[in-house]
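Let's take a walk through this one together, helix by helix. Keep the viewer open and follow along as we go.

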Amino acid sequence: MFDICADPKSLEGLAWALCYLTTGKHLLFYGSFFVVLALMLIVAPIALAFGFGGAIAARSPILPLRLFGKAYTAMVRGVPDIVFFLFVPVAMDQGLEYLRHLWACPPSDGPVWSNGEFAVCAAAKLPLSTAPQIWHEIYGFGLAVIAFSIVFGAFAANVLYGAMNAVPRAQLETAEAYGMTTAQVRRRILIPQMWTYALPGLSNLWMILIKATPLLFLLGVEDIVYWARELGATKSALYDYPHGDWRVWYVLALLVYYLGMTKVSERVLDRVTRRLSKGQATMAGEAQRKAAA
């Protein structure tokens, strides 16, 4: 990156460290921190939408819809997360490639699945082998987002379902007595008040999502865990910057990063909790009223 880094073997001390920390791989390592942040910021609203839909479906008077909502919540919550994180990307990838195989590939008598292998023609691959590397990375990241959203959406559905049931029934009945329709009661009374009951559970889900982001490494996405293992491993004299086993220092950097995100999240969630609790008939709302008195 710098002119002095042209000959790494001639460097010493601070110059060596500066050149070492600005290599191409280290720049990818720094960029992977933003990949983790992007995953959380994208997954959170999608998972919340999945959860909201699942909770509404579970409360629906229509039996098939209600069964679907409860089945989605129970199935995903009952299966280990890592199984879904590994199954969903593989299943979606093969499903999409199979559909493209039926559309883009010439007719063939051979089965797509044979001897434990999945084989489609080159035109059905996603992305195409000729596509730039960035599209392969975006595709893998997109599959990871879907997997995370499905899993955390099920947990969010369970939290929101409980929060909706926690809203006092008397308030809903009062709204109905004033002539509000079911949709109006849900939109004006139920949903605005449920958030104060749902926020503690959703806060825990956000913290779990932060801790689950290293699973990106298992999905083939070059995240911070991948680069920490790659850069921290022992490098012999064959490399430009030889060093011993420095993985502990890279993992320590990840530890500080995740603790920092956790601390910032706690502060933000505390402020949101105080704002939503204002005027509510909850313990937090009562504490605010007593403090203001």
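**Where the helices meet**

Start with Phe-50, Gly-54, Ala-57 and Ala-58 in H2, which meet Leu-65, Arg-66, Gly-69, Lys-70 and Tyr-72 in H3. Sort that contact by class and you get five nonpolar, two polar and two charged residues. Keep in mind as you look around that this is a predicted model.

Now step back to the helices themselves. H2 covers residues 24-58 and H3 covers residues 63-78; their axes come within 7 Å and cross at roughly 130°. An angle over 145 degrees would count as roughly antiparallel, so at roughly 130° H2 and H3 are oblique to each other. The handedness of this crossing is left-handed.

H2 has another partner to look at, H5. These two helices pack at an angle of about 45°, with their axes 5 Å apart. That angle makes H2 oblique to H5. This time the crossing is right-handed. And what sort of residues make up the contact of H2 with H5? They divide into 23 nonpolar, four polar and no charged.

While you're on H5, find Tyr-161, which sits in that helix. Tyr-161 touches Ala-55, Ala-58, Arg-59 and Lys-70, leaving aside residues up to four places away in sequence. How far apart are Tyr-161 and Arg-59 in sequence, and how far in space? They are 102 residues apart along the chain, and 7.7 Å apart from C-alpha to C-alpha. Tyr-161 has a relative accessible area of 28%, so it counts as partly exposed.

Next, the helix pair H6 and H7. H6 takes in residues 169-177 and H7 residues 182-212, and their axes come within 10 Å, crossing at roughly 160°. H6 and H7 are therefore roughly antiparallel to each other. Their crossing is right-handed. To see the contact, pick out Gln-171, Leu-172, Ala-175 and Glu-176 in H6, which meet Val-185, Ile-189, Leu-190 and Gln-193 in H7. By class, the residues of this contact split into five nonpolar, two polar and one charged.

**Into the core**

Time to look inside. The largest nonpolar core has 60 residues, and those with the most contacts inside it are Phe-29, Phe-148, Phe-152, Ile-224, Leu-254 and Tyr-258. Which helix gives the most to this core? That would be H5 (residues 133-166), with 13 residues.

Not counting residues up to four places away in sequence, Ile-224 touches Phe-29, Ser-32, Phe-33, Val-36, Leu-254, Tyr-257 and Tyr-258. Three of these names, Phe-29, Leu-254 and Tyr-258, are also on the list of residues with the most contacts inside the core. Apart from this core lies another one, of five residues, among them Val-112, Phe-118, Val-120 and Ala-124.

Now over to helix H9 (residues 247-277), where you'll find Ser-265. Is Ser-265 buried or exposed? Its relative accessibility is 10%, so Ser-265 counts as buried; the cut-off for buried is under 20%. With residues up to four places away in sequence left out, Ser-265 touches Trp-206, Met-207 and Ile-210.

**A few last stops**

Helix H4 spans residues 81-104, and Ile-82 lies in it. With a relative accessible area of 39%, Ile-82 is partly exposed. Ile-82 and Cys-19 are 63 residues apart in sequence and 38 Å apart in space, C-alpha to C-alpha. Ala-91 also lies in H4, and its relative accessible area of 33% makes it partly exposed.

Finish in the loop between strand S2 (117-118) and H5, which is the place of Pro-127. Check the backbone here: the peptide bond from Leu-126 to Pro-127 is cis, with omega near -20°. For context, most peptide bonds are trans.

Note on methods: Residues are numbered from 1 along each chain as its sequence is written. This is a predicted model: local features need pLDDT of at least 70, side-chain atom pairs count only at pLDDT 80 or more; totals for chains, interfaces and linings use all residues. Side-chain values use heavy atoms; hydrogens and water are left out. Helices (H or I, at least four residues) and strands (E, at least two) are DSSP runs, numbered from the N terminus. Buried means under 20% relative accessible area, exposed over 50%, partly exposed in between (1.4 Å probe, protein chains only). Contact means heavy atoms within 4.5 Å. A nonpolar core is a set of buried Ala, Val, Leu, Ile, Met, Phe, Trp, Tyr and Cys residues joined through side-chain atoms within 4.5 Å. Axes are lines fitted to C-alpha atoms, for helices over the stretch in contact, and angles run from 0 to 180 degrees between N-to-C directions. Angles under 35 degrees count as roughly parallel, over 145 as roughly antiparallel, 65 to 115 as roughly perpendicular and the rest as oblique. A crossing is left-handed if the near helix is turned anticlockwise from the far one by less than a right angle, and right-handed if clockwise. Ala, Val, Leu, Ile, Met, Phe, Trp, Tyr, Cys and Pro count as nonpolar, Asp, Glu, Lys and Arg as charged, and the others, Gly among them, as polar.
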